[in-house]
Amino acid sequence: DVLPSPDGPAPSVSITEIRQYLRAQDIPFHDGYSCLHTPSLFTGDRADQPLSANAPFTLFIDKTTGSFLCTATLAEGTWQDFQANVEMRHRGITPIPPASSEEVEEDMRQAREDARCIWERALPLWELLDEKETKETKALFGISQVTDATLKRFGVRYLRTARSLVFPWFSPQDATLKGLKLVRVEKKGGTITYVEETLPRFDSYRNLFGLPLISRRDTELVLTGWELDALALYQAAGVASLALPRGASCLPPTLLPYLEQFKRITLWLGEDLRSWEAAKLFARKLSLKRCSLVRPGNLQPRPLEALNQGLNVTKILRSALLASHKSIVSFRQLREEVFGELVNTEQVSGVKWTRFPELNKLLKGHRRGELTIFTGPTGSGKTTFISEYALDLCMQGVCTLWGSFEINNVRLAKIMLTQFAGRRLEDQLELYDEWADRFEELPLYFMTFHGQQNIKTVIDTMQHAVYMYDITHVVVDNLQFMMGHEHLSVDR
């Protein structure tokens, strides 16, 4: 399967059912923010012994999906896998962590090996022989104010051949290198863009950059959307800070167990309104009552920019807004947000399409919470246009879920890949792998339905995808095929 597609939704399980099951099985647990904590099935205790409440609670069960992760052994799986392992213990059999496919294991092993080779070739920035080269490199990445001590603490290196900064992903258990992220600068005209590449591939890259530096005693954390922001926060305010692997586009649920120890989390993801929207979305996953958000604005840019401008980072953190709010608010509480919308009128109107300037005049941009319906006779080009329209947003980091009920996913992916490459790949098959690799990096997912479907199943799948992959754009093509012809008279 060329594309990462969300598996059909696992049979849903409620938090009440999970708690009842754990009590019935005499498994001690306590309630966390996003997860339930229990002793691990995969460590220490003999299989025929009940799990002890004195054992470390290193197994975390996601309250929304029921999937689990043991941070001691890295065993993970679905709620059904968890139940199967509990049954094995009752029969005196030592539980076996659910295994990945051999192909996935091999890919991960290869990625680690590639990462190790790059890591060994990369140099610490302060060890570049030429002071002029060091200064130029730091200036290129906007980190002239970041000290060598900070770079050293976070283990940042520089790969000369690729002119890239190298951020390591170390295992919090044993400090082995699990992967890395390369960041290089591209200048187009007057604008600077940062191009990222990860080993392993982005959907397997689950690094919370800075995690091995967190102490068990830390109870407060600042969560950022970029590695260099985490460096700036630590240097400017001395706070525990972590960077999400895919910035403001996604908070993978598998990372939630590592954030359970913090009583307060401040989300400072970036300086635009998309980062602000993402922060509000992530705060729901993390539990609103412990989250505060830094609202973007001229006097509150992203942390690295704040450091470079000499702003008081501690003061900005203190002014973060609580994520949870009561059901009734006064204008005084909304005042700052209203001002933010007036200052950022362009951003408020949504993510602009790069290929469709006329569409921007009509719709202003893609905004969350809005429904757009495209109609037209059969064969008029709806699917071709919508795939181009969705691809445009996806290439700008908008996480997209496709429900193609009319044509199958292979054909749809072929259309989109051709549009993405801008060429007829059937005439240049030698370029297929190169373009497929780049296409695979897009935050794009496909539902595996075809033809008429039960509406509840489709909605459940969408909700599952929104939680797992932070989907912000869903395409249904088309409504008639999904509903089936006999339901067209029903008001749905």
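In strand 10, isoleucine 192 is the bridge partner of lysine 187; strands, like helices, are numbered from the N terminus and taken from DSSP runs (E, at least two residues, for strands; H or I, at least four, for helices). Helix 3 (residues 102-121) packs on the sheet and touches strand 6, strand 7 (157-159), strand 8 (164-170), strand 9 and strand 10, where a contact stands for heavy atoms within 4.5 Å. The direction of helix 3 makes about 60° with that of strand 9; such angles run from 0 to 180 degrees between N-to-C directions, with axes fitted as lines to C-alpha atoms, for helices over the stretch in contact. The structure is a predicted model, in which local features need pLDDT of at least 70 and side-chain atom pairs count only at pLDDT 80 or more, while totals for chains, interfaces and linings use all residues. Residues are numbered from 1 along each chain as its sequence is written, and side-chain values use heavy atoms, with hydrogens and water left out.

The sheet itself is open and has five strands in the order 6-7-8-9-10, with antiparallel pairing; two strands are paired if DSSP finds at least two bridges between them. Strand 6 (123-124) and strand 10 (191-199) each have a single partner strand and stand at the edges, so one side of each lacks a neighbour in the sheet. Strand 9 (residues 177-188) runs antiparallel to strand 10, and nine bridges join the two. In general, the strands of a sheet pair through backbone hydrogen bonds, either parallel or antiparallel.

Turning to the overall layout, the chain is divided into domain 1 (15-91), domain 2 (100-207), domain 3 (216-348) and domain 4 (357-481), with bounds that come from an automatic or database domain assignment. The centres of domain 2 and domain 4, taken over C-alpha atoms, are separated by 32 Å.

Helix 1 (residues 15-24) and helix 2 (residues 79-90) meet at an angle of about 10°, and their axes are 12 Å apart. Helix 1 is therefore roughly parallel to helix 2, since angles under 35 degrees count as roughly parallel, over 145 as roughly antiparallel, 65 to 115 as roughly perpendicular and the rest as oblique. Helix 1 contributes Ile18, Tyr21 and Leu22 to the contact, and helix 2 contributes Trp79, Phe82, Gln83, Val86 and Glu87.

A second sheet is open as well, with three strands in the order 17-16-18 and parallel pairing. Its edges are strand 17 (444-446) and strand 18, each with a single partner strand, so one side of each is left without a neighbour in the sheet. From one strand to the next, the twist averages 20°. Three bridges pair strand 16 (residues 400-404) with strand 17 in the parallel sense, and leucine 401 stands opposite tyrosine 445 in strand 17. Helix 13 lies across strand 16, strand 17 and strand 18, and runs at about 170° to strand 18.

Strand 18 contains histidine 473, which counts as buried at 6% relative accessibility (buried means under 20% relative accessible area, exposed over 50% and partly exposed in between, with a 1.4 Å probe and protein chains only). Leaving aside neighbours within four places in sequence, histidine 473 is in contact with His366, Tyr389, Ala390, Leu393, Val398, Cys399, Thr400 and Leu401. Threonine 472 is found in the loop between helix 16 (455-469) and strand 18 (473-477). Not counting residues up to four places away in sequence, threonine 472 touches His366, Arg368, Val398 and Cys399. The C-alpha atoms of threonine 472 and cysteine 399 are separated by 5.6 Å, although these residues are 73 apart along the chain.

Finally, the whole structure holds 27 salt bridges, each a side-chain nitrogen of Lys or Arg within 4 Å of a carboxyl oxygen of Asp or Glu. One of them joins arginine 302 to aspartate 229, with the closest N and O atoms 2.8 Å apart. Arginine 302 lies in the loop between strand 14 (291-293) and helix 8 (303-308) and aspartate 229 in helix 6 (residues 227-237), so the pair ties together parts 73 residues apart in sequence. Both arginine 302 and aspartate 229 are buried. In another salt bridge, between arginine 355 and glutamate 388, the closest N and O atoms are 2.2 Å apart. Arginine 355 is partly exposed at 27% relative accessibility, whereas glutamate 388 is buried at 19%.
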